[in-house]
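Please look through the sequence and the structure shown below before reading on. The report that follows moves from the chain as a whole to a few of its residues.

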Amino acid sequence: MSRIGKKPVAIPAGVTASMGDGTLSVKGPKGELTMPMSDLISYEMKDEGLSVMPANKSKEARAFWGMQRTLVQNLVTGVTEGFTKVLEITGVGYRANAQGRNLKLQLGYSHDVDFAIPEGIEIKTPDNTTVEITGIDKQKVGQVAAEIRRWRKPEPYKGKGIKYRGEYIFRKEGKKK
């Protein structure tokens, strides 16, 4: 039995969930998100919220159960609160600046990196070394953060690069003299 899957997803006030044509649609104050429903999982609205249960006793249905419940919870959280990832840039001369729908990164290359911000994502740069990525879709926010980080991953010798806030970089020792 999935401990996560057993709990119903609470639908707060101001949020509506509807099922139809094989998709689950959730509308809230921040927007609307949809997700395709799996045939291995049965979804039903109850008084306490949206209940997710395996449709049959197969191993695949039980394996999908907890993940599908978490995906539904992410839809509800996204339309009510949204998701945020914060990147920190470390290195001499490394900077970031949001300009309209572009993010200009100076990362020690001979040219500046221009990153086009996708639809549904908002990027702020409170200072030159911090990038805040916000949106209602958790997967999209994480993907954008990973694409930005890919331009200059943190290296283990000096710790320079782009890292997630709270990420710890294991530093290697240099040569012994």
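What is the mean pLDDT of the chain? This is a predicted model, and the mean pLDDT of its chain is 92, with 99% of the residues reaching 70 or more. Among the elements of the chain, the lowest mean pLDDT, 84, belongs to helix 1 (residues 3–6), whereas the highest, 97, belongs to strand 11 (residues 130–135).

**The chain as a whole**

The secondary structure of the chain is made up of three helices and 12 strands. The radius of gyration is 21 Å, which is well over the 16 Å that the globule rule gives for 177 residues, and the chain is therefore more spread out than a compact globule. The C-alpha trace spans about 65 × 40 × 25 Å along its principal axes. Of the 177 residues, 33% count as buried.

| Residue | Relative accessible area | Class |
|---|---|---|
| Ser-25 | 11% | buried |
| Gly-14 | 61% | exposed |
| Asp-137 | 30% | partly exposed |

Ser-25 is part of strand 2 (residues 23–28), and Ser-25 counts as buried because its relative accessible area of 11% is under the 20% cut-off. Its side chain makes a polar contact of 2.8 Å with the side chain of Glu-32. When neighbours within four places in sequence are left aside, the residues in contact with Ser-25 are Thr-16, Ala-17, Ser-18, Glu-32, Leu-33 and Thr-34.

Gly-14 belongs to the loop between helix 1 and strand 1 (16–20), and with 61% relative accessibility Gly-14 counts as exposed. Not counting residues up to four places away in sequence, Gly-14 touches Lys-27, Gly-28 and Pro-29. From C-alpha to C-alpha, Gly-14 and Lys-27 are 8.4 Å apart in space, while in sequence they are 13 residues apart.

Asp-137 is found in the loop between strand 11 and helix 3 (138–149). Is this residue buried or exposed, or does Asp-137 fall in between? With a relative accessibility of 30%, Asp-137 counts as partly exposed. Leaving out residues up to four places away in sequence, Asp-137 touches Leu-33 and Phe-83. Asp-137 and Thr-77 are 60 residues apart in sequence, and their C-alpha atoms are 9.2 Å apart in space.

**Rings and charges**

How many aromatic pairs does the structure hold? There is one aromatic pair in the structure, and it is formed by Tyr-168 and Phe-170, whose rings are arranged edge-to-face, with 5.2 Å from centre to centre and 85° between the planes. Both partners are on the exposed side of the classification, since Tyr-168 has a relative accessibility of 60% and Phe-170 has a relative accessible area of 67%.

The charged end of Arg-152, in turn, is placed over the ring of Tyr-109, at 4.4 Å from the ring centre.

Technical notes: Residues numbered from 1 in each chain as written. Predicted model: local features only at pLDDT ≥ 70, side-chain atom pairs only at ≥ 80, totals over all residues. Heavy atoms only, no water. Phe/Tyr/Trp six-rings, centres within 6.5 Å; stacked < 30°, edge-to-face > 60°. Buried < 20%, exposed > 50% of the residue type's maximum accessible area, 1.4 Å probe, protein only. Lys NZ or Arg CZ within 6 Å of the ring centre and 35° of its normal. pLDDT = per-residue confidence, 0-100. Helix = DSSP H or I, 4+ residues; strand = E, 2+ residues; numbered from the N terminus. Polar contact = N/O pair within 3.5 Å; in protein donor to acceptor, adjacent residues only side chain to side chain. Contact = heavy atoms within 4.5 Å. Rg over C-alpha atoms; globule rule 2.2 N^0.38 Å.
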